[in-house]
Every structure is written in C-alpha cells, then in structure tokens.
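Hello,

As promised, here is the structure for you to look over. My notes on it follow below.

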Amino acid sequence: MSHTELVVWSAVLIGLVFGATGQATGFCLLRGLANCWALGDTRKLRGFVLAMAVALLGSQTLAVAGLVSLEDSLYANPAPSWLAIPLGGALFGYGMALANGCGARALVLLGSGNLRSFVVLTCLGLAAYMALSGVLAPLRIWLEGMTTLALPTHDLPGAIGAPAWFTALVLGGALLAWAFSNAAFRASPRDWLGGLIIGLLVPAGWYATGVLGHDDFEPVRLASLTFIAPIGESLQYLMLSTGTRLGFGVSVVGGVIVGALAMALLRRDFTLRAFDGPGQMLRSMAGGTLMGIGGVMALGCSIGQGLSGLSTLALTAFAALAGIGAGARLGIVGPLALSKN
Amino acid sequence: MHVARPAHYDAARRRLLRGIAAAVAAISLAGLATPALAEGPWQRLEAARSVLGDTEPSTQGLVLDLPHVSEDGASVALTVGFDGELADDDHISRIDLFATANPSPEIATFHLTPLSGKAEISTRVRLNETQQVIAIATSHQGERFATAREVRITVSGCLMRNGGDQPEPLSNPRVSIPSSFTPGQPEAVRTLINHPMETGLREDTNGEIVPRHIVERFTVRLNGSTAFEAELHQSISASPYLLFYLSPEEEGEAVFEWQDDTGASATHEASIKAG
C-alpha cells in the first residue's frame with residue numbers, strides 16, 4: 001500500500017470512530033455551552049474540555065518523541081490576521097448556535113437521518129469554498145492582507161518562554177483537573193468516554209499524516225481533524241473526483257457519516273427528520289453559511305481550531321477559540337439570540 | 001409604385017436568397033472544420049511550434065495527467081506518459097512540456113534513451129493562473145505526438161506561507177532506486193533535491209528582485225552513457241522532484257547529477273544490481 005493510500009484508509013478509520021462516538025455520546029461543543037449557560041449542566045462542556053486536554057497531551061507527546069513537527073501545520077502561522085481569526089471564530093460560533101451544532105455535529109446528525117443537517121452542510125461547504133477560493137476569496141485575502149500581524153513567535157510556549165512539554169503539562173493538567181472536578185461528570189461515562197475517544201483522534205490524525213504519510217518525495221501535508229474546508233472539499237470531490245486526488249480531510253468526512261449511520265442503526269436511533277417550517281430552514285441555511293465563511297477566516301472550526309489547533313499550542317487557536325465562544329454566547333444567551341422558530 | 005410584381009421576379013429573389021444561404025453555410029462549415037482539424041493549442045504557442053516544426057502531431061498516445069483544479073499553483077503534480085503505438089525499433093526520445101500562460105512557457109524538456117525503458121515522467125510544476133498545459137513527444141524516428149490539458153488554479157491565501165529557513169541549494173540529493181532490476185523490465189526511479197528554483201521574477205521584502213537561480217539540467221548516466229536527461233526551467237517547483245523509468249542492460253553504476261545556473265552541481269551515485 002502506498003503512503004497516500006495508507007493516509008486515506010487511516011483517515012476513514014478516524015472518521016468512522018469519530019462518527020460512531022459522536023452519535024453514541026452526543027459530543028458537541030454547542031450543546032455543552034448551551035446546557036451550561038441555560039441549564040447550568042456542565043457535563044457536555046466538560047466532555048469537550050477533556051477532549052482538548054487529551055488532544056493537547058497526546059499531540060505534544062508525539063512532538064516530544066520527535067515523530068511529528070507540529071510547526072509544519074497550518075495553525076503555526078507567525079503572521080496571522082489579528083482581525084480575521086477572532087472575527088471568523090465569532091461568525092462560526094454564532095452560525096453554530098443558529099444551525100444547532102457545528103459542522104462535525106451536522107455530519108453525525110446526517111448519519112442519524114437528520115435531513116436538516118444536509119441543508120446545513122451544503123450551505124457550509126458552499127460558503128467555505130466561496131471564501132476559500134470563490135467569489136468571496138478576494139475580499140478575504142484583502143482583509144487578511146490589511147490586518148496581518150507579524151508575531152515574534154507562533155505558539156504559546158514561545159510567547160511565555162517556557163518549553164512546549166512544560167506548557168502542555170500545565171495547560172493540559174489544568175483542563176483535565178477542571179473537567180473531572182465535577183461529580184456529575186465523573187458519574188457520566190457517556191460524556192467522559194466521548195471526550196476521551198475524540199481527544200485521542202487528534203494525535204491519531206497527526207500520526208496518520210505526519211508518520212504514515214511521511215515520504216521524502218511526495219510529502220502529505222500535516223493535518224488532523226478539521227471540518228470546514230474538508231466539507232467543502234467533499235462537495236467538490238463528489239463533482240470532480242476524476243480530476244482530483246482523495247486526501248485526508250475528505251476521507252475523514254466520509255468516515256464520519258458512515259460511522260454515525262452504522263452506530264445509529266446499531267442503537268436503533270435512525271429516524272428521518274425534516275424542517276418544521278421555513279423559519280427553521282432559514283436558520284439552518286444562515287448558520288451553515290456563517291460557519292463556512294467564519295471557519296475559513298478563522299482557519300478552523302470548533303474541532304479544527306478548538307482541538308487540533310489547540311493541540312499544537314498555536315496562538316491562532318486561542319484567538320479563534322475566544323471568537324467561537326463569544327459568537328456562540330451571542331447566539332445562545334443574547335443579545336442576538338433568535339427563537340427556535 | 002410596385003403594386004404588382006411579375007412572378008419570375010419573386011422566383012429570382014428566392015433563388016438568390018437560397019444561394020446566399022448556401023454560401024454562408026459553406027463558408028461557416030469550412031471555417032469550423034479547418035481549425036478543428038489543425039488547430040491544437042500547440043499551434044498557437046510559439047515555443048511549441050518551434051518544437052513541432054512543420055509536422056502535424058498525432059493527438060493519440062500521449063497522456064497528460066494533472067488535477068482539474070489545484071489550490072496551490074506553486075506545486076501542481078504532473079505526469080506525462082506515452083502508451084501509443086510506435087515501430088519496434090523506435091522509441092520516444094524527447095518530451096517537451098509547456099504552460100501556455102506562465103511568464104515563460106517552457107516547463108521542461110526530457111531526453112529519453114532506450115535505457116529509459118518507459119516514457120513516463122512525473123514532476124511538480126508551477127502554474128500561476130488557470131491555463132492549458134501542453135505536452136509534445138518526439139520519437140527517435142521523428143514521429144510527433146501532442147496533448148493538452150486545462151488546469152484551473154484557485155487562490156488560497158491561508159494554505160501558503162514561507163516556512164522558516166530555506167535549505168541550502170543543491171543540498172541533500174535523494175534518490176529512490178529499486179534494489180534490483182530485471183532485464184527488460186523498466187522500474188521507477190524517484191529523485192529530489194533541495195533548491196529554491198528562484199524564478200528571477202519575485203521581489204523580496206525590500207522590493208528588490210531576487211535573482212534567478214534554478215537547477216537547469218539533471219542527468220542520469222548508467223556506466224558512463226546518458227540514460228535520461230532533463231532541461232528544467234523556472235516553471236518547475238522548488239526542490240525539483242522527478243520520477244522516471246530506467247531499464248539498465250547490465251549491472252554497474254548509476255550517476256545522478258544536478259547542475260544549477262551558477263555552475264554548481266551535486267551528484268549522487270547508486271549501484272545497479274540485476275535481480
């Protein structure tokens with residue numbers, strides 16, 4: 001098997017596990033934030049924070065072991081845009097609130113029979129490619145060019161002057177401690193198992209592209225779990241597959257849908273669901289579009305920046321995460337919260 | 001005045017109209033037919049015409065494989081191969097690649113010999129906008145083949161950046177060669193070397209033109225005789241990658257040599273074993 005085939009198959013496997021886990025556990029940043037702010041139930045949010053800690057510690061272990069160099073990933077940008085990243089994060093966060101879940105969650109729900117997610121995903125993929133290379137790309141590139149910030153360093157360890165392993169241990173330890181500091185969370189294996197498994201998939205992604213995909217002559221770009229550009233790329237792949245090559249991101253997307261479908265059938269949880277009315281559909285379309293544009297501007301989604309980006313300790317991940325949190329808060333608590341219909 | 005016209009007047013007018021219609025149809029048919037037969041995109045490119053001379057290339061047999069859409073014009077994977085019919089004692093001896101809309105259209109010229117075994121080459125090229133890529137193959141006995149492929153290049157600012165320190169030009173030559181060859185069985189050889197392949201068109205951060213600095217020639221010798229040679233131009237991506245075939249007749253030494261336009265060169269030696 002060639003190294004590119006190896007990357008594709010491990011990506012499918014990572015996607016299958018993500019889809020099945022997401023379907024069974026309801027792993028979702030938006031649900032976590034909404035439950036926390038509206039009901040005071042922090043279990044889902046702690047599940048996401050646990051995934052962050054596991055992704056961070058696992059990925060930094062790979063880096064310390066010399067298996068992958070995370071500064072080759074797109075998150076380690078020494079000259080990011082100070083505006084596009086947090087603003088994109090905020091658009092993404094607000095879109096996630098409108099659409100009732102992020103792009104990855106929409107893939108899982110689609111696998112469980114939720115046809116509303118199909119609309120979200122189509123709008124998301126279309127908007128992502130509009131911003132990446134289509135009609136909105138010149139505007140995005142102009143905006144990024146105007147607001148480029150040359151940083152002396154691209155990651156947190158460089159900024160605070162501490163070694164990466166030490167920063168990862170302190171930050172990862174703090175996230176772990178907070179996640180498990182709640183008895184209700186410890187008593188909910190669904191939530192901590194979900195966080196643990198999905199967290200582990202991030203270093204698995206680095207390993208697949210960085211170690212299995214390593215080839216002096218035809219290098220595979222270092223990447224891990226991320227969903228915005230890959231959802232757009234998947235739409236493009238469906239239309240242009242004869243002229244393009246199957247990569248890591250598209251294979252993960254396919255795996256997630258199939259994994260979620262298999263788990264939904266296994267748990268007898270597969271139900272076709274559609275919109276109740278045009279208002280709901282409009283919300284989903286707007287949410288998908290905002291997630292697509294925002295995700296491209298921020299270089300990643302709640303998973304791409306929140307887990308994969310964070311696991312590299314890149315500064316852009318913290319800026320994007322702050323934006324996503326702020327955008328989601330605007331959409332869930334207000335003042336821009338919209339009613340469910 | 002013309003209250004009533006004689007019948008033959010109308011008939012004459014109708015004949016005239018029919019004649020004009022037929023003439024228009026004939027002209028437009030001729031106009032459609034001629035370029036469709038003769039005008040490949042290679043006829044519109046000066047550099048390609050100079051390779052073709054007066055001959056009309058066959059459009060069958062030469063295959064160019066490129067992605068339809070590429071997000072990174074700095075490095076587009078390209079494979080050119082010949083699987084058409086040739087006389088038994090003939091072989092493809094030269095393949096030229098052109099990018100119609102690059103500042104200088106020449107991408108590379110490959111010289112093949114019977115020791116190459118199989119006319120198939122992969123590399124990575126620079127395409128600065130959506131355009132057609134042209135390949136022209138010439139056989140030892142002068143037969144010519146041509147093909148073209150459209151590639152769409154999209155922008156993607158967030159995926160490109162200049163990462164850290166550039167490696168030393170002509171450092172770290174890498175060659176992947178099969179552990180043994182079976183006579184008459186061409187095997188793929190992959191090569192890569194660090195080199196910026198500066199186009200001479202780029203400005204540095206101070207607005208000054210970075211001088212042209214490229215690998216110009218790559219040669220493979222089997223026991224002293226040239227088996228494969230490549231002339232490279234600015235449209236080859238940084239750190240030139242080449243995949244080609246070798247079919248050695250006997251055991252011995254293979255020498256790979258890269259020469260850049262400053263006169264510097266790097267070599268790599270490998271031994272050829274029969275399996």
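In this predicted model, 14 residues of chain A are in contact with 16 residues of chain B, where contact means C-beta atoms, placed from the backbone, within 7 Å. Helix 7 (residues 137-146) of chain A gives the most to the side of chain A that touches chain B, with three residues. By class, that side has seven nonpolar, four polar and three charged residues (nonpolar: Ala, Val, Leu, Ile, Met, Phe, Trp, Tyr, Cys and Pro; charged: Asp, Glu, Lys and Arg; polar: the others, Gly among them).

Chain B has two helices and 15 strands (DSSP runs numbered from the N terminus: helices are H or I of at least four residues, strands E of at least two). Nine strands of chain B form an open sheet with mixed pairing, in the order 2-8-7-4-5-12-11-14-15; two strands pair if DSSP finds at least two bridges between them. Strand 2 (69-70) and strand 15 (265-272) of chain B are at the edges with a single partner strand each, so one side of each has no neighbour in the sheet. Strand 5 (residues 106-112) and strand 12 (residues 225-232) of chain B pair in the antiparallel sense over five bridges, and B:Ala108 stands opposite B:Leu232 in strand 12.

Residues are numbered from 1 along each chain as its sequence is written, and chains are lettered from A and ligands numbered from 1 in the order in which they are written. As the model is predicted, local features need pLDDT of at least 70 and side-chain atom pairs count only at pLDDT 80 or more, while totals for chains, interfaces and linings use all residues.

Regards

Methods: Contact = placed C-beta atoms within 7 Å.
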